[in-house]
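The sequence and structure come first, and the notes follow.

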Amino acid sequence: MDAKGRVLSDECIADEVPYEELPEGWVWARLEDCCSVIVDCPHSTPSYLAVETGYSAIDTNCMDDDWHLTGLRSLSQESYEKRTMRYAPQAGDIVFSREGSIGRSVILHEGNICLGQRVMLLSCNEVLLFNRYCQAALSSPYAWKLYRAANIGTGVKHINVSMIKTMLVPVPPLAEQRRIVERVDELMPLVEECGKLEDAREEMDASLPGRLRKSVLQIAVQGKLVPQDPADEPASALLERIRGQRRQLVAEKKMKAPKGGESVVFRGSDGRRYEKRIDAKGRESKPICIEDEIPFEIPDSWEWTRLESVIVLLSGTDLKPSQYNEKNEGIPYLTGASNFTNGELIENRWTIEPSRISNKGELLFTCKGTVGEMAINQFDAAHIARQIMSITPCEYEMLPYIALSLKAMVEDIKSHAKGVIPGIERNTLLARLIPIPPLAEQKRIAGKSAELFGKIA
């Protein structure tokens, strides 16, 4: 239709209209017919200044996804005048992002602002289209579907001004447009709150498997995962047997005697826990109360002990570059956390000159750099670097339970790491108090834990 109201063409647009039924009094209209101005930004980069000049530019980085103006960029009066030769933005105009963060928009409330890059401007005809309603229409799901379909460009995606000009929008009577905007303003805080709750739910869903695994580990080492069986040999008998084995190894010079003697943790007549040391000759030190070290209570058939009392710990050592290769010659050379992935070991270096050898079935624990990665050594033999410790239980059947216990306390172990490259010392592990169940119960705990972990996504 021309300026005199004469119909120039009559074209069917049924395929463009997303839904035919509109409320009475509403019509479909193209944005260019409801706006006095729709103009693109100058296709040049403004010379921005670091000082306030009274003249500003707005681009896609100056607005957020919630219709808020986050800042303006200063430029000279000369640059401002060049960039407003076609049109000087006015208060009430809509600035719309057409590239990068497509779909962002703000309504201007001050003067002396020009368009920066990647934006366009719409000045609504106040008789036909309320600017706040237009902004809501530009942010609607229907509009976003059009933007995604119209995205062009091999680099940064963008939409053309012509697409916005010819965009169909449902236009209610002006008074109803204002009522719609008032209702949107009432509902938006609720929508934002729902969005926050949804984000929190998604975050909780993502963290739930890890939290469930931690919960399983915690109740496992507290004696709450499987029931106790009175027929099980108590942990005290297991620990006494291990101490006897260790004394024999020391006598045969196959193991060094622990510094200060073997640790024995026991409950005193006052109900509190004490620790004493027994040397190779059977001499006992004065008991020391360690009740403040006990983190939680355990079943009567369990015992507390130092980790050093139930394992043999081997610290690794680094090799010189001339001592290892990448040609699969020799045995694997494990250097640190890069060899650990999802509880498994990968090999990428080898050596024919090993000196600190971990054997198949031992538990490997990273102690420097990334602390706390664990995996069972599946290689017949591997040289371990100083970033790794190898753990062998004195009673090998205890290995699955000891691994679970270390996983349960790994965050606390990490908190003791020191240095620019975080690392823990041998004694940080050896001195840990660990709750020991009867051996039969340890096996039940390991089996039940594996079953539950398999059900946790």
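## Salt bridges

The structure holds 30 salt bridges, a salt bridge being a side-chain nitrogen of Lys or Arg within 4 Å of a carboxyl oxygen of Asp or Glu. This is a predicted model, in which local features need pLDDT of at least 70 and side-chain atom pairs count only at pLDDT 80 or more, while totals for chains, interfaces and linings use all residues. Residues are numbered from 1 along each chain as its sequence is written, and side-chain values use heavy atoms, with hydrogens and water left out.

One of the salt bridges joins the side chains of Glu262 and Arg246, at 2.6 Å from N to O. This pair links distant parts of the chain, 16 residues apart: Glu262 belongs to strand β11 (residues 262–267) and Arg246 to helix α7 (residues 235–251). Helices (H or I, at least four residues) and strands (E, at least two) are DSSP runs, numbered from the N terminus. Glu262 has 8% relative accessibility and therefore counts as buried, and Arg246, at 6%, is also buried. Buried means under 20% relative accessible area, exposed over 50%, and partly exposed in between (1.4 Å probe, protein chains only).

The side chains of Glu308 and Arg277 form a salt bridge of 3.0 Å, N to O. Here too the pair links distant parts of the chain, 31 residues apart, with Glu308 in the loop between β14 (303–306) and β15 (311–315) and Arg277 in strand β12 (residues 273–278). Arg277 is partly exposed, at a relative accessible area of 22%.

Another salt bridge, at 2.7 Å from N to O, connects the side chains of Arg283 and Asp279. Arg283 counts as exposed at 53% relative accessibility, whereas Asp279 is partly exposed at 23%.

## Helices

Helix α3 (residues 131–138) has six of its eight residues buried, so the rest of the structure largely encloses this helix. Those buried residues are Asn131, Tyr133, Cys134, Gln135, Ala137 and Leu138.

Helix α8 (residues 399–414) packs against helix α10 (residues 439–455) at an angle of about 60°, and their axes are 8 Å apart. Axes are lines fitted to C-alpha atoms, for helices over the stretch in contact, and angles run from 0 to 180 degrees between N-to-C directions. The two helices, α8 and α10, are therefore oblique to each other; angles under 35 degrees count as roughly parallel, over 145 as roughly antiparallel, 65 to 115 as roughly perpendicular and the rest as oblique.
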